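Hi,

Here is the model I promised to pass on. Have a look at it first, and my notes on what turned up follow below.

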Amino acid sequence: MSSLSKAHLQRQAEQLVDFVNKSPSPFHCVEVCRNWLRGAQFTELKEKQSWQGAIKPNGRYFFTRNGSSIVAFAVGGNFRPGNGLSIVAAHTDSPCFKLKPVSKKTNSGFLQVGVQVYGGGLWHTWFDRDLSVAGRVMVRDGSGGYAHRLVAIEEPIMRIPSLAIHLDRTVGDAFKFNKEVHLTPILATVAKALNGGDAKAASSDGDGDDGAAHHAILLERIARELGVGVADISDFELCLYDTQKAVIGGICNEFIYSGRLDNLNSSYCAMEGLVNSLGGKAAAAAEDTHVRMVALFDNEEVGSTSAYGANSSLIESAIRRIQASMAGGSATSFEEAVANSFMISSDVTHAVHPNYADKHEQNHRPALQKGPSIKINANQRYATTSVTSTILKDIAGRHGIPLQEFVVRNDSPCGSTIGPMLSAQLGLRTVDIGNPLLSMHSIREVCGTDDVGMSVDLFEHFFAEFAALDAKISVD
């Protein structure tokens, strides 16, 4: 068991619950992190502006891209160009439904909302849930410009109803559905919408052939939430989310029941570990020769190939600009920095399932409440090597933080993470780890409360101690 206090572990679990509840979309996650970092004396940088002379030893900085990815970093007091970075990377997105550009649908007396599937969700778990929308809205500002505004409607305004068993007796044997037809949420009845004044929405029983892209009643609700007029809304990126809040549960209060734990669990632990490493019990950043960095990417669930995903220039650009902004560098400062750097790719992993234990490799079955798990795959689905796992085990061992190991069965498919992608792009030494999770990609997932605090402390000590430990490792 970890030597961490029960009070500390409980506090970290409660803070994760709060973090998830405030982050119904990647845009909200980044905004929560932005405010958090500002409160911890981080200075916001802009990618569109020069960083020359802006970055200094002992400084704390962050920048965002697209409002859905964020990079935060603290420069060690003894950092010089060519020195390395201690990085923890995770992602902000989760499987969900996203509104189509033309979402207006009407069928059999119901107003419906057309959605696209995003990622590989357990979509059957979205039936019969109380759903709403959250995300980004582009709003006209009255002077010819546009403002990025966040919206999250807390009330349940949509639902995907399942079909009664009386109408399909085969559902007890196999629940089959068509993702285009049967995953369309209902918003209201035509009659009620008409009585409420939404004559346009109720004008036909087809798919919105009046030319409107979205139901007026939905646009009006979004506009009211933002305090603007419907005509001020230019466009939006909205996802559906479950309005049921994340909670701590189980008879011993040892589980977190929540949506989006993949991967807000890792996002929270990474950011908390970075902030904690800059003060308190960990070694002072003033003596560090490295840059401590957290990178939270969007679009991992759909392959990461976007301008703000891990398969973009985001982290390379950040490393290059940090190196170039400080005096004393050389033409090879970037290459030297990468060779001196180390990255923890943090994404949740599969906890052993008591009802399906045979799905897990016999000797590698991560359990809830026993700490994060190092993920290993001989076919490079994960980036872990014996060198990188040794580094992590050394840090964890000195602080009583338990680590588990996960290996997929040979007759089972294996997922992947941003780890191999970033490791291959940059030549970064990388280890893949993650907290164990049950019901991964369900609308409601389950993790252990103690695992949250263990990961936070592991990351905190990694940031504080890696530079010194790396000097004792000789592998070229």
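Which strands each supply at least two residues of the lining of the second largest pocket? They are strand S5 (96-107) and strand S6 (110-118). Before the rest, some ground rules: this is a predicted model, in which local features need pLDDT of at least 70 and side-chain atom pairs count only at pLDDT 80 or more, while totals for chains, interfaces and linings use all residues. Residues are numbered from 1 along each chain as its sequence is written, and side-chain values use heavy atoms, with hydrogens and water left out. Strands (E, at least two residues) and helices (H or I, at least four) are DSSP runs, numbered from the N terminus.

**Pockets**

Staying with that second largest pocket, about 610 Å³ of space lies in it. On a 1 Å grid over the protein atoms alone, a pocket is an open set of points with protein on both sides within 12 Å along at least five of seven lines, a cavity is a set where a 1.4 Å probe fits but cannot get out, and lining residues have an atom within 4 Å of a point. Points are joined across faces, edges and corners, and the volume is the space filled by probe spheres set on them. The lining of the second largest pocket has 22 residues, with Gln 112, Pro 161, Val 181, His 182 and Thr 184 nearest the centre. S5 gives the most to this lining, three residues.

The largest pocket has a volume of about 940 Å³. Its lining runs to 34 residues, and His 350, Phe 406, Pro 413, Gly 415 and Met 440 lie nearest the centre. Here the classes come out as 13 nonpolar, twelve polar and nine charged. Strand S15 (349-350) and strand S19 (436-438) each supply at least two of the lining residues.

**Sheets**

Those two strands turn up again in an open, mixed sheet of five, ordered S11-S12-S20-S19-S15 (two strands pair if DSSP finds at least two bridges between them). Strand S11 (247-249) and S15 are at the edges with a single partner strand each, so one side of each has no neighbour in the sheet. Strand S12 (residues 255-258) runs antiparallel to strand S20 (residues 445-448), joined by four bridges. Within that pair, Ile 256 stands opposite Cys 447, and Ser 258 has Glu 445 as its bridge partner.

Asn 265 is found in helix H5 (residues 261-277) and is buried, at 0% relative accessible area.

There is also an open, mixed sheet of nine strands, in the order S1-S2-S3-S13-S4-S14-S18-S16-S17. Strand S1 (43-44) and strand S17 (404-406) are its edges, each pairing on one side only.

**Core**

The largest nonpolar core has 57 residues, and Ile 344 and Phe 459 touch the most other members (a core is a set of buried Ala, Val, Leu, Ile, Met, Phe, Trp, Tyr and Cys residues joined through side-chain atoms within 4.5 Å). Helix H10 (residues 449-470) gives the most to this core, nine residues.

**Cavities**

Searching the whole structure gives three cavities of 30 Å³ or more. The largest has a volume of about 220 Å³, and of its 23 lining residues, Ser 94, Pro 95, Cys 96, Trp 126 and Arg 260 are the closest to its centre. Strand S10 (233-242) gives the most to that lining, with four residues.

Cheers

Key: Buried means under 20% relative accessible area, exposed over 50%, partly exposed in between (1.4 Å probe, protein chains only). Ala, Val, Leu, Ile, Met, Phe, Trp, Tyr, Cys and Pro count as nonpolar, Asp, Glu, Lys and Arg as charged, and the others, Gly among them, as polar.
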